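Student: I have a new structure to look at. Can you walk me through a few spots?
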Amino acid sequence: MSEGQPELLTDVSSGVGTIRFNRPAKHNAITFDMWRGLGAAVDTFAADDSVRVIVLAGEGGHAFSSGADISQFEKHRTEPDAVEIYNYTLGESCRKLTDIDKPTVARIQGYCMGGGLATSLCCDLRIATADSAFAIPAAKLGVGYAYGSLQTLTRLVGPASAKEIMFTGRRFTATEAYDMGLISRLVKDSDELDSVMDEYTSALAANSPLTIKACKRIIADLGKDPDQRDIETCNQLVDDCFTSNDYKEGRQAFLEKRKAEFKGS
């Protein structure tokens, strides 16, 4: 990162809002300010109707993120009040990234460790190069891992793999991560990553926002305990699809054998 350059970079292009961790010299280790900025960036993209899909990436080509910046732990994760503030800020950023009704994709190249991996798990899809590496070394640092983070991990890879990841703290290859379901798609190198990311984001940006919103909410609720599911809201989101102008547009485009132009309404 050049002097004076922000630690988080954001931009919007062709319906895609991108958030980039920008500390390549530190393998994009995430500072407290970056956690705070991540939540703010997600809020901004949530309110921007031109943004149809959100991408989370790391600058430099060698790391998505090596995790939380451990050099800040003495300041932010020692005294109870400071720990509470840090954990709340981190948790809110991850919650916003998880709960946003727009599709999210983590673009992973290189190291994806600790808090960086946990953040990628908040995304709907994770696409990684074959040279990427994954780990959560909490047990090697004596760090406690939050209920919500472990819940997300366990639901994704299952209890056995979650235990192996957390108990050993070891580094997993991209192939191992793909086999256990930690990542959605595995690609050969950065060129293929760029190509596949373009393919995915173009498709997500072009598809019906209302359908994606409804599916994302229902799939999320299916992962909750039955008494925590909001079936009424889920059903309403489905009804909203069928009463929308986008549904009319989709039918008309199909009959006219053309690409639909969805507006999200």
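**Contacts, rings and helices**

Tutor: Let's start with Leu186. Keep in mind that this is a predicted model. Not counting residues up to four places away in sequence, Leu186 touches Ala128, Thr129, Ala130, Ala174, Thr175 and Tyr178.

Student: Where does Leu186 sit?

Tutor: Leu186 is in strand E10, residues 185–187.

Student: Is Leu186 buried, exposed or partly exposed?

Tutor: Leu186 is partly exposed.

Student: New topic. How many aromatic pairs are there in the whole structure?

Tutor: A search finds 3. One of them is Phe21 with Phe64, an edge-to-face pair. The rings are 5.6 Å centre to centre, with 85° between the planes.

Student: What does the pair of Phe21 and Phe64 tie together?

Tutor: Phe21 lies in strand E2 (residues 16–21) and Phe64 in strand E4 (residues 63–65), so the pair ties together parts 43 residues apart in sequence.

Student: Why does Phe21 count as buried?

Tutor: Because its relative accessibility is 0%. Phe64 is also buried, at 0%.

Student: Which ring does Arg170 lie over?

Tutor: Arg170 lies over the face of Phe172, 3.9 Å from the ring centre. Arg251 has its charged end over the ring of Tyr247, at 4.4 Å from the centre.

Student: Now helices. At what angle do the axes of H6 and H7 cross?

Tutor: At roughly 130°. H6 covers residues 147–157 and H7 covers residues 159–168. Their axes come within 7 Å.

Student: What do we call that orientation of H6 and H7?

Tutor: Oblique. The crossing of H6 past H7 is right-handed.

Student: Which residues meet there, between H6 and H7?

Tutor: From H6, Leu150, Leu153, Thr154 and Val157. From H7, they meet Pro159, Ser161, Ala162, Ile165 and Met166.

Student: Last one. Where is Asp221?

Tutor: Asp221 is in helix H10, residues 209–222.

Student: Is Asp221 buried or exposed?

Tutor: Buried, because its relative accessibility is 2%.

Student: What is Asp221 in contact with?

Tutor: Arg229, Asp230 and Cys234, leaving aside neighbours within four places in sequence.

Technical notes: Residues numbered from 1 in each chain as written. Predicted model: local features only at pLDDT ≥ 70, side-chain atom pairs only at ≥ 80, totals over all residues. Heavy atoms only, no water. Helix = DSSP H or I, 4+ residues; strand = E, 2+ residues; numbered from the N terminus. Buried < 20%, exposed > 50% of the residue type's maximum accessible area, 1.4 Å probe, protein only. Contact = heavy atoms within 4.5 Å. Phe/Tyr/Trp six-rings, centres within 6.5 Å; stacked < 30°, edge-to-face > 60°. Lys NZ or Arg CZ within 6 Å of the ring centre and 35° of its normal. Axes fitted to C-alpha atoms, helices over the stretch in contact; angles between N-to-C directions. Parallel < 35°, antiparallel > 145°, perpendicular 65-115°, else oblique. Left-handed = near helix turned anticlockwise from the far one by under 90°.
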